[in-house]
Amino acid sequence: MAYSVTLIPGDGIGPEVASATVRAVEATGVNIEWEIAEAGAAALAEYGTVLPNAVVESLQRTRVGLKGPTTTPVGTGHASVNVALRKRLDLYVNFRPIRMLPGLYTRFHDLPINLAIFRENTEDLYSGLEHEVVPGVVESLKVITRTASLRIAQATFEYARREGRKKVSAVHKANIMKLSDGLFLRCCREVAEQFPDIEYRELIVDNACMQIVMRPESFDLLVLPNLYGDIISDLAAGLVGGLGIVPGANLGTEHAVFEAVHGTAPDIVGKGIANPTALMQSAVLMLAHLGEREASQRLQAGIEAVYAEGKSLTPDVGGSVSTSQFTDAVIARL
Ligand code: NAI
């Protein structure tokens, strides 16, 4: 049987890491028919929109996507593909596991870091509700709802119980944003009460940043509103070797889109040195989601073996090989 998966190569280094990842997934022997769909700057030039309907329709059909990063211009220009996609498919969970790879030398390499971020993915300051009140004054609306807060908290605690995780930390700024973050926090508390077996605590976001850097090994699962989740994901990626490493999944009740945390990396595009580990580890999550547990574990083991050996790593993690040489090394170990 072949699975249908929508492949969005994206912009910048997206096509480079996407083709490396497709090669690695195909080498596991799992039969996938890729429906290739252009989104981002690539689609804007051809279709006049960054998110053509064909992309959403393909994902509605296949229900599973693997996505490379897409460009979002700063300040002006078109809206974010990611924000639009997450809203259109109601992908309300952004799941980002942060784990130390064996053998990888980082500032924190001797710590057993294994935390996971559950970022609310559909609202908060990403609602895109901004307007100019009068010249020189703009408003940007932070929207927090009970429905979205409850379901991200529920997803976090359910994952904790299913995977035997011990602790959930809710991150907020309810001391200042008393109504919006206050509502988020009350929803987390409400859900926490249904899971007395899981330890629950709350941290103000600025303190959370300091604690994560000081004691990253003491964190287990974090549940956060959209903006704090975005920022803390990159901070946490920095603990385990950077953006070239960390995978992610956007999950809804019907659909799942797997993508790395990193962006289009304009500074290294076209050089053939992008690290495909983050998208490959996203594909590990995708294979598990498809029910291909054995292939998923084999791909993860292949990636880890290459890191443990340390000879075929890309420059961002201290090596000197190319994207395709790293990919060959992973494939050789499958
Ligand atoms: P970025 O993640 O593209 O790059 C930050 C730094 O990390 C750069 O030095 C880059 O070379 C490095 N880096 C990132 N991924 C890497 C990889 N796989 N291998 C080796 N090095 C890697 O973040 P930046 O520069 O803030 O954003 C660039 C563009 O990407 C923007 O248009 C932004 O909107 C977009 N973006 C898209 C995302 C998505 O589609 N999921 C997520 C984040 C940013």
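1. The crossing of H10 and H11 is right-handed in this predicted model. Helix H10 covers residues 293-309 and helix H11 residues 323-332, and their axes come within 8 Å while crossing at roughly 120°, which makes H10 oblique to H11. On the H10 side the contact is made by Leu-299, Gly-302, Ile-303, Val-306 and Tyr-307, and on the H11 side by Phe-326, Ala-329 and Val-330. Sorted by class, the residues of this contact are 7 nonpolar, 1 polar and no charged.

2. The crossing in which H7 passes H8 is right-handed. From H7, Val-205, Ala-208, Cys-209, Ile-212 and Val-213 meet Tyr-228, Ile-232, Leu-235 and Leu-239 of H8; the contact of H7 with H8 holds 9 nonpolar residues, with no polar and no charged ones.

3. Turning to the sheet, 10 strands form an open arrangement with mixed pairing, in the order S2-S1-S3-S12-S11-S4-S5-S10-S8-S9. S2 and strand S9 (199-204) stand at the edges with a single partner strand each, so one side of each is left without a neighbour in the sheet. On average, and with direction ignored, neighbouring strands of this sheet are turned by 25° against each other.

4. Strand S1 (residues 3-8) is joined to strand S2 (residues 32-36) by 5 bridges, and the two run parallel; here Ser-4 stands opposite Glu-33 in S2. Strand S11 (residues 249-251) and strand S12 (residues 256-259), by contrast, run antiparallel and are joined by 3 bridges, with Asn-250 opposite Val-257 in S12. S1 is also mostly covered, since 5 of its 6 residues are buried.

5. Which strands do the packing helices touch or lie across? Helix H3 (residues 53-62) packs on the sheet and touches S1, S2, strand S3 (64-67) and S12, its direction making about 155° with that of S1. Helix H5 (residues 146-163) lies across strand S4 (93-99), strand S5 (114-120), strand S8 (167-172), S9 and strand S10 (221-224), and runs at about 160° to S5.

6. A separate pairing involves strand S6 (residues 130-134) and strand S7 (residues 137-140), which run antiparallel and are joined by 4 bridges. Within this pair, Glu-130 has Ser-140 in S7 as its bridge partner. S6 and S7 form a hairpin with 2 residues between them, and Gly-136 in the turn has a positive phi of about 90°.

7. Glu-38 is placed in the loop between S2 and helix H2 (41-47), and, leaving aside residues up to four places away in sequence, Glu-38 touches Ala-43, Tyr-47, Pro-52 and Val-55. The C-alpha atoms of Glu-38 and Pro-266, which are 228 residues apart along the chain, are separated by 18 Å.

Methods: Residues numbered from 1 in each chain as written. Predicted model: local features only at pLDDT ≥ 70, side-chain atom pairs only at ≥ 80, totals over all residues. Heavy atoms only, no water. Axes fitted to C-alpha atoms, helices over the stretch in contact; angles between N-to-C directions. Parallel < 35°, antiparallel > 145°, perpendicular 65-115°, else oblique. Left-handed = near helix turned anticlockwise from the far one by under 90°. Contact = heavy atoms within 4.5 Å. Nonpolar A, V, L, I, M, F, W, Y, C, P; charged D, E, K, R; others polar. Buried < 20%, exposed > 50% of the residue type's maximum accessible area, 1.4 Å probe, protein only. Pairing = 2+ DSSP bridges.
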